[in-house]
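Please report on the structure shown below.

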Amino acid sequence: MQLAFVLVEPKVPENVGAAARALCTMGFNQLWLVNSDLHTRPEAHWLAHGSDHILDNVRIFPDMAAVRNSVDLLMGTSAKCRHHRQDWHEPAQLRDIMVRKGASVATSALVFGREDRGLSNDELALCDLLTGFPMAVPYPSLNLSQAVMLYAWELSGLASAPVEQSRPAAPDARLGALRQRLETLLPELDAPSDGKLWQWVFERLPLLTERDVGFVHTLCGNIERRVAESSDPEKQ
């Protein structure tokens, strides 16, 4: 599984450089930025200290929607659990969830918000699940580069974690494809995007194991055939 660390509109170039250094020390090399070119600033390279290759290969996205469309699994960081979502996980739990994905997830991204205000509610809504560190005090929060370092350390063993199969799943069998499939299928079953069933399905979806993802794909296929038959006058 490829894991990218995403910084959304960072304000301080030194934080970008320190984040690159943190990723390098923990064996990661994918740093993505949203609506920012701070990786080109001299201050970023001063703090990178031996990790300039990560800054030189930063991938730039115009917005969070573009990041969403580029990965199978999108995880957003939040300093607190959002009351309307039940999918907030501590870093150790996040690692276990990712390990269970196996080959059903080829690409994933962990998103960090702005230093002053984090991720917006709309940006968090694009994420498959949310994660955060339990804090002893509500204020102050972790510095951006500190948060990147802690997550990089916690997730650094993913490359050596055992998975059920080594062959990558076909694109149409992955978690991202299942999410898109359900987004189309649920409205046909009278489950609107603002309903409880929709919310429950998409909060549980990122927790599925690789085998579960395959099972739900099969289930969706059976339902899609029945829906198609019920709408075909010749088969009624």
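## A strand residue and a helix pair

Thr-77 lies in strand β4 (residues 73-77). Strands are DSSP runs of E with at least two residues, helices runs of H or I with at least four, both numbered from the N terminus. This is a predicted model, where local features need pLDDT of at least 70, side-chain atom pairs count only at pLDDT 80 or more, and totals for chains, interfaces and linings use all residues. Residues are numbered from 1 along each chain as its sequence is written, and side-chain values use heavy atoms, leaving out hydrogens and water.

Thr-77 counts as buried because its relative accessibility is 14%; buried means under 20% relative accessible area, exposed over 50%, partly exposed in between (1.4 Å probe, protein chains only). Its side chain reaches the backbone oxygen of Val-111 at 2.7 Å. Beyond neighbours within four places in sequence, Thr-77 has contacts (heavy atoms within 4.5 Å) that include Val-111, Phe-112, Leu-124 and Tyr-151.

Now the helix pair.

| Helix | Residues | Residues in the contact, among them |
|---|---|---|
| α1 | 13-25 | Asn-15, Ala-18, Leu-23 |
| α7 | 144-155 | Leu-144, Val-148, Met-149 |

The axes of α1 and α7 come within 8 Å and cross at roughly 10°. The two helices are therefore roughly parallel, the term for angles under 35 degrees. Their contact has eight nonpolar, three polar and no charged residues.

Across the chain there are 10 helices and seven strands. Of its 236 residues, 46% count as buried.

Terms used. A polar contact is a pair of N or O atoms within 3.5 Å; within protein, one must be able to donate a hydrogen and the other to accept it, and residues adjacent in sequence count only if both atoms are side-chain atoms. Axes are lines fitted to C-alpha atoms, for helices over the stretch in contact, and angles run from 0 to 180 degrees between N-to-C directions. Angles under 35 degrees count as roughly parallel, over 145 as roughly antiparallel, 65 to 115 as roughly perpendicular and the rest as oblique. Ala, Val, Leu, Ile, Met, Phe, Trp, Tyr, Cys and Pro count as nonpolar, Asp, Glu, Lys and Arg as charged, and the others, Gly among them, as polar.
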